[in-house]
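Open the structure in your viewer and keep the selection tool at hand. We will go from stop to stop.

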Amino acid sequence: MRSLVSFLLLALAAVAQAISANGGNRLLVILEDVADKAGYSKFLGDLEGRGFDISYETPKSESLRLSHLGERVYDHVLLFPTKAKGLGPNLTPSILLDFVNAQGNILLALSGSAPVPSSLVSVLLEFDIHLPTDRQGLVVDHFNYDVASASDKHDVLLLPQPGQLRPDYKNHFGHSGGPASGSEAHPLIAFPRGVGITLGQGSLLAPILRAPSTSYSYNPKEDSETIDDLFATGAQLSLASALQARNSARFCVLGSAEVLSDEWFDAKVQKVGEKASVATANREFAKAVSGWTFQEIGVLRVNWVEHHLNEQGASNASNPKIYRIKNDVTYSISLSEYAWDKFIPFTVPEGDKLQLEFSMLSPFHRINLQPTISSQDSTTYSASFKIPDQHGIFNFLVNYKRPFMSNVFEKNTVSVRHFAHDEWPRSFVISGAWPWITGIAVTVTGWLGFCALWLYSAPPSAGEGKKRQ
């Protein structure tokens with residue numbers, strides 16, 4: 001009986017740890033009409049299968065609230081397109097921003113067939129994300145569209161799965177393999193009737209899926225055959241974008257809500273100029289985008305931090321509060337990465353570095369941490385160095401901030417003192433002091449010799465002195 005209770009407690013602790021790792025499982029889905037969820041049944045079913053407790057509300061619902069008594073009611077919010085100009089008093093821009101500041105995560109899905117509510121435009125501007133001035137735009141591409149569903153308007157874009165944003169960043173949203181060979185082809189992402197946005201220069205913003213170089217965004221209300229005023233073109237347009245706040249809360253904008261619909265999850269598409277049809281990758285892409293936004297992937301955890309002396313004959317106690325100048329020390333940090341339902345060892349991407357700073361006002365050392373120990377759920381990174389010849393208050397600082405990964409900021413403050421009086425090396429050990437020691441020895445020896453000669457030299461006799469006079 002006792003073992004059964006222990007097992008149940010252990011299982012409960014594991015579940016609680018998993019829930020806390022990904023920010024919780026309370027998900028609020030906001031739709032124009034609750035009945036609209038039938039069009040996204042596969043996507044919402046996948047979320048339920050991953051353990052999310054989903055609640056459905058409309059924007060104007062009186063019972064809708066994101067927080068109560070200063071605490072979040074929900075951990076994540078999924079906003080589908082609405083036809084209303086505003087989202088009501090319970091979803092004002094300030095409420096949505098407060099939700100993000102409280103470490104809540106938001107996935108916003110837009111549509112090119114309806115204007116974006118003004119309250120959402122205000123929120124996007126706070127994040128330096130820009131929409132067309134009339135709050136409505138449609139992305140088209142005359143070279144990358146589906147011939148079956150968009151042969152006239154060319155507004156269903158077919159895009160390859162996104163690759164790495166940079167070679168030293170992790171890719172959570174697409175395949176990492178090379179080009180397909182033979183008859184096998186990589187599935188394409190169908191992006192129907194989407195809105196393109198542009199991103200500012202903020203360091204917290206990152207594009208997930210960019211538009212092809214041949215695409216452009218325009219206002220579909222314009223009936224003229226020629227379009228003079230384009231909002232943006234090519235890679236300026238971001239079709240899916242991510243923002244990770246400094247508190248690691250996540251905000252994702254998906255330009256087309258139809259990417260998440262049942263119609264395109266298992267559809268077959270044919271790109272213009274191609275003879276064969278391929279399956280869409282919308283289901284995998286939707287899982288990756290929602291998983292990242294709701295903190296199921298790309299979440300880093302610091303298990304422990306340790307620093308100690310690395311000298312023979314020293315106590316080498318863990319995490320002392322004071323060191324001495326020119327001490328040899330070793331710093332170690334253990335990191336884990338949460339991936340869907342478990343923690344795995346965190347591996348720094350190739351070309352990237354995890355660095356340690358030993359700093360006062362500015363870094364005295366900036367050292368690359370190297371992996372030393374790896375287990376089933378963590379990796380330990382370590383570095384050894386000599387403390388500089390400068391006393392004061394120093395910090396061991398690991399500040400690792402990368403797109404699509406939660407932030408790691410670990411700072412440990414220690415004091416660095418001078419040598420104590422009994423810790424200085426003896427002068428005869430220092431080769432530079434040998435001439436001075438030799439001079440002292442010669443002076444002392446000469447003085448002692450003079451004193452000996454003076455004391456033991458007999459004075460002249462009195463008779464001899466009178467004869468000479």
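This tour of a predicted model visits a hairpin and then some salt bridges.

Select residues 328-339, which form strand β21. Together they make a hairpin with two residues between them. Now pick W340 in the turn: its phi is positive, at about 70°. Then find S336 and look across to P345 in β22, which stands opposite.

Which residue does the side chain of D328 meet in a salt bridge? The partner is K386, at 3.0 Å from N to O. D328 is partly exposed at 27% relative accessibility, and K386 is partly exposed at 43%.

Eleven salt bridges occur in the structure. Select R26 and D75 for another of them, with the closest N and O atoms 2.8 Å apart. R26 lies in strand β1 and D75 in the loop between β4 and β5, so the bridge ties together parts 49 residues apart in sequence. Is D75 buried or exposed? D75 has 4% relative accessibility, so it counts as buried. R26, at 32%, counts as partly exposed.

R72 is partly exposed, at 21% relative accessibility. Finish by showing R26, R72 and D75 together: salt bridges with shared partners join them into one network.

Terms used. Residues numbered from 1 in each chain as written. Predicted model: local features only at pLDDT ≥ 70, side-chain atom pairs only at ≥ 80, totals over all residues. Heavy atoms only, no water. Pairing = 2+ DSSP bridges. Helix = DSSP H or I, 4+ residues; strand = E, 2+ residues; numbered from the N terminus. Salt bridge = Lys/Arg side-chain N within 4 Å of Asp/Glu carboxyl O. Buried < 20%, exposed > 50% of the residue type's maximum accessible area, 1.4 Å probe, protein only.
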